[in-house]
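Hi,

Here is the structure I promised to pass on. Have a look at it first, and my notes follow below.

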Amino acid sequence: MIVTPRTEEEIELLRENGLIVSKTLAEVGKAVAPGVTTKELDRIAETFIRDHGAVPNFLGYEGYPASICASVNDCVVHGFPSDYVLKEGDIVSIDLGTLLKGYNGDSAYTFPVGEVDAETRKLLAVTKQSLFEGIKAAVVGKRTGDIGHAVQSYAESFGFGVVRELEGHGIGTDMHEKPGVPNYGRPGHGVKLVDGMTICIEPMITAGDRSVYVARNGWAIHTEDHKNAAHYELTVVVRNGKAELLSNYDYIEDGYNVKF
């Protein structure tokens, strides 16, 4: 598969989206607390995105009914915002995106709700670090299998499961573009990474077995054993030597003071 790299002008447009997405996640994170509904988090995100001149690209995507995915506890991804009231000890993965000037943004972060137990803190910390291990492999000359291998080997070294049925993706004028970026794989296999390729890397890691199922609504993905799952996603540009981040967690972790 040959993937056409983005021009520097296109990368700047993707960076604009990445900035809004990053700030939106931080705004949502400020509201994550016991007693808050996931529907309220959706309202906060949509308002913030529109106030910054973009539109929520999740809303209406293949019929998706909301501006964010809000996936609680054993829901891996694609959870619908609802009247569910977050409680102490929950975790909630917020995945959201933007469309601005014809280009897309996409990022995700799993927030602890109040105090969470030690095993859950470990799951969050390992999942997030597995993302950064994958990003280290997103350099010119490597392949998508190198990214997947980096994620998988790190997460599995802690005894956690790596979801196989879902993967990261390219991003540009469409939210989901080629190539697919699995969270498992073999070094030296998959699509070759070239300078200027823009991709979303998004580990989905389970506290127990990696098996998942699709809920009756056709969207939400849950763990078969109903143990917790975490999800983190950033948009990057493949570069020589070191990938360049187009979205980040700085606004979340500076303002929200997340601690695992």
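Let me begin with a helix pair: H1 (residues 8–31) and H2 (residues 38–51) pack at an angle of about 145°, and their axes are 9 Å apart. Here helices (H or I, at least four residues) and strands (E, at least two) are DSSP runs, numbered from the N terminus. Axes are lines fitted to C-alpha atoms, for helices over the stretch in contact, and angles run from 0 to 180 degrees between N-to-C directions. On the H1 side, the contact (heavy atoms within 4.5 Å) is made by Ile20, Lys23, Thr24, Glu27, Val28 and Ala31, and H2 brings in Leu41, Ile44, Ala45, Phe48 and Ile49.

This is a predicted model: local features need pLDDT of at least 70, side-chain atom pairs count only at pLDDT 80 or more, and totals for chains, interfaces and linings use all residues. Residues are numbered from 1 along each chain as its sequence is written, and side-chain values use heavy atoms, with hydrogens and water left out.

Now for the backbone. Asn73, in the loop between strands S2 (68–72) and S3 (75–77), has a positive phi near 55° without being a glycine. Asn73 is buried (under 20% relative accessible area, with a 1.4 Å probe and protein chains only), at 16%. Lys101 also has a positive phi, of about 55°, and is not a glycine. Lys101 sits in the loop between strands S4 (91–100) and S5 (103–112) and is exposed (over 50%), with 55% relative accessibility.

Finally, look at strand S8 (residues 177–181), where Pro179 is found: the peptide bond from Lys178 to Pro179 is cis, with omega near 5°.

Best wishes
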